[in-house]
Amino acid sequence: MKVLNVAEKPSVARSIANVLSRDHRTEETKSPFNKLFKLDYKLRDLDVEMWITSVSGHLKNLKYPTKYQNWEKWDPIIILKEAEIENNISTDKQNLEQNLKNFAAMCSRLILWLDCDREGENIAFEVLEVCRESNPSIQVYRAHFSAVTQVDVRRALDTLKQPDENLSNSVLARQEIDLRIGASFTRFQTLLLQKQFNLSSIISYGPCQIPTLGFVVGRQKEIDSFIKEQFWFLQSEDDNKCIYNWEREHLFDEFIVALLFERCYQDNAKVINVQQKDVQKWKPYPLCTIEFEKLASKKLKISAHKAMELAEKLYNKGYISYPRTETNKFPPTINLQNIIRDQQNHPIWGDYANKLINSAFEYPKAGNKDDKAHPPIHPVKMMIENEAQNKQEWDIYQLITRHFLACCSKNAKGSETTITLQINDEFFSKTGLVIKEKNFLEIYIYDEWSQIQVPNYQCGEIIKIKLTLQKGSTSPPKPMTEAELIGLMDKNGIGTDATIHEHINTIQEREYAIKKGQIIKPTKIGLALVESYEILGFTLHQPFLRAVMEQRMNEVAQGKMEKSQIVQTTINEMTIILKQLQEKQNLIIKTFGQYLEALKNYDQDNNDDNDDNQNNNQSKLHTNQEDQINQNQQKTIKNNKMLKDKKSDDLPSLCQFCNSQCLTFKQLTGNSIKICPKLCQIQDDISQNALNQSKKNKDNCFLCNICQNFMKIRYSKIKQTNFLGCSSYPKCNQTIFLPDSVKTIKTIDRQCNKCKSTMFSIQFSENSNQVNQNSFFCLYPGCQQTIRADWKQNCKDQNQSNRGQNSEKLPFQPHAQNGNFKNKDSFSNQQKFPQKKN
DNA sequence: GCAAGGTC
């Protein structure tokens with residue numbers, strides 16, 4: 001009896017033949033790559049002749065009949081919804097079809113060895129259909145294997161199953177949906193925009209390529225709309241030039257950092273903790289395709305597309321294992337020691353391979369991905385440098401081999417020392433590292449682990465330090481690298497391990513994106529396309545459409561839904577979108593055109609390597625300053641919250657002016673101080689000291705709520721009345737007007753019991769409405785303790801009428817444009833006191 | 001001239 005075995009690719013067929021018998025015979029077929037191997041085998045007590053051959057991926061390809069070739073003639077809606085689709089054997093696969101027909105006719109059983117994934121299951125059905133055409137009675141079985149090893153192949157033959165039609169149908173659904181959507185949307189977009197804007201390339205749409213572009217555009221927009229924000233932080237440095245980082249990292253409020261700086265400023269710091277612990281740097285996971293592409297891009301500067309091309313060549317020459325694999329754990333059946341032994345005579349890493357064999361070997365970490373079809377990428381034959389066709393091929397082989405040897409090594413080991421310093425109530429730390437054993441790092445030149453020296457201090461020691469207040473600013477997001485894009489696509493399920501690099505290639509071929517070095521940026525066409533979708537409210541560039549598709553495929557694969565249902569539902573949804581696009585085509589042209597116009601210098605700027613995103617005005621189309629400011633405020637609030645959280649003594653402390661949560665600091669004396677994050681009010685020892693100082697000078701009343709200098713009673717010659725003005729005028733114009741009814745005013749040796757400010761004795765004119773014509777008042781802005789409602793109204797009116805009229809005559813008129821102090825506007829707007837300004 | 005997924 002003859003049994004026909006069909007694998008997805010030639011290498012698997014050869015491996016199966018090798019595993020089953022060393023004495024197999026090899027025959028040529030109609031396809032030069034796909035050999036036929038013959039061998040005798042005992043299959044479940046039956047003596048059979050095994051015929052083992054292969055296909056090369058899918059046999060069939062979905063396409064529209066030729067009558068739909070003319071794009072202008074057919075409404076894209078017809079293409080999407082109604083046009084029939086053919087699923088025929090591709091012309092380049094007809095020799096394989098012939099092979100299968102010929103072999104099947106001579107065999108009584110068929111064992112399908114296609115990869116154990118959805119696509120493999122679908123190819124299995126393509127194969128069995130062809131075989132049944134020539135031999136309708138052939139008995140069909142499906143082999144399930146997780147690696148082409150002795151154990152797995154024999155186990156598969158002992159546990160043959162039936163092919164799963166649901167899995168195959170899920171692929172058919174995906175194929176039809178992708179083709180219908182891709183063809184119809186591409187035709188619509190191209191016909192609408194290509195001539196109009198004189199574009200050379202077609203404006204394709206694909207459910208993987210456009211979300212890929214979406215990631216690239218998304219990053220560019222983040223960069224373009226970025227607004228730099230300043231922050232401040234403390235830093236301490238000891239005599240050994242060792243810099244200790246502030247535990248709070250940085251804050252966005254200069255005043256608070258300055259305050260903390262002042263409170264901490266001294267020459268000494270106490271070492272409060274010296275912690276030592278053993279640490280490891282983990283060796284890499286076994287290499288799957290995605291990781292391989294990322295590494296090639298990041299470490300070798302070889303694009304994912306090129307890397308796959310090179311890996312395929314190495315695979316075909318027998319140097320490495322199959323490079324398209326999702327698996328990042330080795331199956332227990334694979335003999336890793338043998339793979340290492342193959343490298344023992346290598347001129348570069350032979351010694352290292354020997355060391356692994358003799359003592360240093362450690363079983364690789366197991367990742368959590370397994371496609372059940374291929375092991376992680378590893379070397380299968382030793383290659384020395386001059387055997388490689390070029391440097392890039394050598395680099396790729398080297399990466400794969402070094403990565404494999406690293407996987408079979410031990411983690412690197414080190415010792416980490418963290419020194420924590422305390423200065424007043426602030427903490428600073430520095431972590432040092434001593435490497436004890438390099439282990440995998442000896443062979444894995446792509447990873448670094450640097451030693452960091454720290455001084456040898458004892459806990460409790462007082463050391464000399466230099467404390468500085470530093471300024472920094474936030475930086476824009478980094479441009480998208482190819483490795484990052486691969487990661488995003490993988491995470492969002494866009495494409496497969498075998499196709500991710502192709503989609504990245506496609507968006508470049510379509511001129512949607514351009515790659516310079518490892519950086520990938522959208523072109524103006526790419527930006528205009530995605531922006532148009534966004535403006536018109538479509539989410540075609542978002543990854544979740546693909547995720548929905550994936551979910552639906554799973555439902556078909558699990559038999560919960562019929563293939564036709566999923567196709568119908570998805571196509572109906574996309575028909576609604578396509579109809580809307582058609583209705584809005586004028587708007588699309590307009591929007592697309594506006595973007596192209598606005599971005600006319602964009603590509604050129606990109607080519608000029610203009611990475612200074614702050615200056616790239618051409619691309620700043622959607623900078624929403626208000627949003628950004630809100631974001632910044634959020635950040636400040638977040639930081640302030642952090643500040644508060646760390647030092648809170650759980651006392652409820654809301655600012656009496658703006659109701660914000662106050663920050664509470666503990667002093668060394670054990671007392672607490674509170675500061676409103678918006679600086680409405682400061683109640684701490686500093687202001688208290690200043691108030692005490694102010695008493696010594698009877699003209700000084702309290703600290704200016706904007707600049708913290710003294711407020712003084714002054715006299716306006718023009719208005720011939722008293723007012724309170726900041727002593728640092730003209731630097732600070734803070735002014736508190738008094739009602740006309742005030743006849744005399746003077747400070748008194750008494751503090752407001754609410755805000756602790758110096759109080760005033762005021763005498764009102766006889767004809768005023770004041771009930772009490774000689775009273776004590778607190779005039780501190782916003783303190784509501786003693787200020788009367790009619791006063792507020794009175795002064796407010798006065799300020800309103802003063803504004804803009806005789807400003808030169810009223811130099812003390814408050815205004816918001818001082819510029820020396822932060823948060824002044826928000827501060828002022830919170831004021832309930834009369835001199836509020838807008 | 002359209003998609004994405006296999007593969008050489």
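This is a predicted model: local features need pLDDT of at least 70, side-chain atom pairs count only at pLDDT 80 or more; totals for chains, interfaces and linings use all residues.
Biologist: How far does a polar side-chain atom of Lys9 lie from a phosphate oxygen of DNA strand B?

Modeller: The general idea is a polar contact, a pair of N or O atoms within 3.5 Å; within protein, one must be able to donate a hydrogen and the other to accept it, and residues adjacent in sequence count only if both atoms are side-chain atoms. Here the separation for Lys9 is 2.7 Å. Thr496 also has a polar side-chain atom by a phosphate oxygen of DNA strand B, at 2.9 Å.

Side-chain values use heavy atoms, without hydrogens and water, residues are numbered from 1 along each chain as its sequence is written, and chains are lettered from A and ligands numbered from 1 in the order in which they are written.

Biologist: How many residues surround DNA strand B?

Modeller: A residue is near a strand if one of its heavy atoms lies within 4 Å of it. By that rule, 43 residues surround DNA strand B, and the closest are Ser56, Lys93, Cys208, Tyr322 and His503.

Biologist: Which helix gives the most to the surface near DNA strand B?

Modeller: Helices (H or I, at least four residues) and strands (E, at least two) are DSSP runs, numbered from the N terminus. The top contributor is α6, with nine residues.

Biologist: Now α3: which of its residues are buried?

Modeller: Buried means under 20% relative accessible area, exposed over 50%, partly exposed in between (1.4 Å probe, protein chains only). In α3 the buried ones are Leu96, Glu97, Asn99, Leu100, Phe103 and Ala104. They sit on the same side of α3 because they span an arc of only 155 degrees around the axis, taken from the directions from the helix axis to the C-beta atoms. In general, an α-helix has 3.6 residues a turn, so residues three or four places apart point the same way.

Biologist: Is Arg552 buried or exposed?

Modeller: Arg552 counts as buried because its relative accessibility is 16%. It is found in helix α17 (residues 544-557), and its side chain makes a polar contact of 2.8 Å with the side chain of Glu573.
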